[in-house]
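Here's a quick walk through a fold, from the overall layout down to a few side chains. Have the model open and follow along.

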Amino acid sequence: MTKRIFISTTLLWICFTACGQHLGLTFQEAEKQGISIKHLDSLYQSAVHTDTSMAVFKTDKEQETMHQEYIKLLQDFGKFLSTNNFVWDKPTRCFNRIYFNTDGTIDYFLFNFLGKTEDKPDEEKQKEFQRLLNLFIKDYKFSLTSKAKFAQCSPTTYMPKK
């Protein structure tokens, strides 16, 4: 019986790690789950970089396309939030680090809300944001693909509807 449990657990772990994570977490939650940013950064190359030898997208045209598609991803997520009746009360600053698989799927979308406690969403709103983020990244496919896994980060400000 123990051997069967071990084999089942091992197979689940292999499938989980091989099939992609699709996890939306705060940076702190990632660390608590043993997902080291340093380790992820060793597995995922920078999408763009001032030293193009260190970037996945090397030419000016590729980097501009990456920039435009990244903006589109954030806009698509904003539309997804709105479609799911998630409304920001005030401008909300956040920092994102997104890890993409070679096929454009999102393996990890790490985030932290920025500012003083009173500037951040309350706990209930943060949980709903994270729930919707996980639904979004489960099926979202970034329009760019590459031969290497890649990562992109940025600050962003989520705005209330006008």
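Reading along the sequence, the protein chain runs α-β-α-α-β-α-β-β-α-β. That makes five helices and five strands, where helices (H or I, at least four residues) and strands (E, at least two) are DSSP runs numbered from the N terminus. This is a predicted model, in which local features need pLDDT of at least 70 and side-chain atom pairs count only at pLDDT 80 or more, while totals for chains, interfaces and linings use all residues. Residues are numbered from 1 along each chain as its sequence is written, and side-chain values use heavy atoms, with hydrogens and water left out.

Of the 162 residues of the protein chain, 38% count as buried; buried is under 20% relative accessible area, exposed is over 50%, and partly exposed is in between (1.4 Å probe, protein chains only). Take the contacts (heavy atoms within 4.5 Å) between residues at least 6 apart in sequence: 72% of them join residues at least 24 apart.

**The sheet**

The five strands form an open sheet with mixed pairing, in the order β1-β4-β3-β5-β2. Strands β1 (23–26) and β2 (45–46) are at the edges with a single partner strand each, so one side of each has no neighbour in the sheet. Two strands count as paired if DSSP finds at least two bridges between them. β1 and β4 (residues 106–113) pair in the parallel sense over four bridges, and Leu 23 has Tyr 108 of β4 as its bridge partner. As background, strands of a sheet pair through backbone hydrogen bonds, either parallel or antiparallel.

**Arg 97**

Is Arg 97 buried or exposed? Arg 97 counts as buried, because its relative accessibility is 15%. Its side chain makes a polar contact of 3.1 Å with the side chain of Asp 41, and another of 3.0 Å with that of Tyr 99. A polar contact here is a pair of N or O atoms within 3.5 Å; within protein, one must be able to donate a hydrogen and the other to accept it, and residues adjacent in sequence count only if both atoms are side-chain atoms. Setting aside neighbours within four places in sequence, Arg 97 touches Phe 27, Asp 41, Tyr 108, Phe 109, Leu 110, Ala 151, Gln 152 and Cys 153.

**Helix α4**

Helix α4 (residues 60–83) lies across β3 (92–100), β4 and β5 (150–158), running at about 50 degrees to β5. For that angle, axes are lines fitted to C-alpha atoms, for helices over the stretch in contact, and angles run from 0 to 180 degrees between N-to-C directions. With 24 residues, α4 reaches 34 Å from its first C-alpha to its last, close to the 34 Å expected at 1.5 Å a residue; the expected span is 1.5 Å times one less than the number of residues.

Which residues of α4 are buried? They are Gln 63, Met 66, Tyr 70, Leu 73, Leu 74, Asp 76, Phe 77 and Leu 81, and they pack against β3, β4, α5 and β5. After α4 comes Asn 85, whose phi is positive, near 60 degrees.

Thr 52 sits in the loop between β2 and α4. At 35% relative accessibility, Thr 52 counts as partly exposed. Leaving out neighbours within four places in sequence, Thr 52 is in contact with Lys 58 and Gln 63.

**Salt bridges**

The structure holds five salt bridges, each a side-chain nitrogen of Lys or Arg within 4 Å of a carboxyl oxygen of Asp or Glu. Here are some of them.

| Pair | Closest N and O atoms |
|---|---|
| Lys 141 and Asp 103 | 4.0 Å |
| Glu 123 and Lys 127 | 3.6 Å |
| Glu 128 and Arg 131 | 2.9 Å |

Asp 103 is partly exposed, at 31% relative accessibility.

Glu 123 and Lys 127 are about one helical turn apart, because they are four residues apart in helix α5. Glu 123 is exposed at 57% relative accessibility, and Lys 127 is exposed at 54%. Glu 128 and Arg 131 also lie in α5, three residues apart, about one turn of the helix. Glu 128 is partly exposed at 27%, and Arg 131 is partly exposed at 43%.
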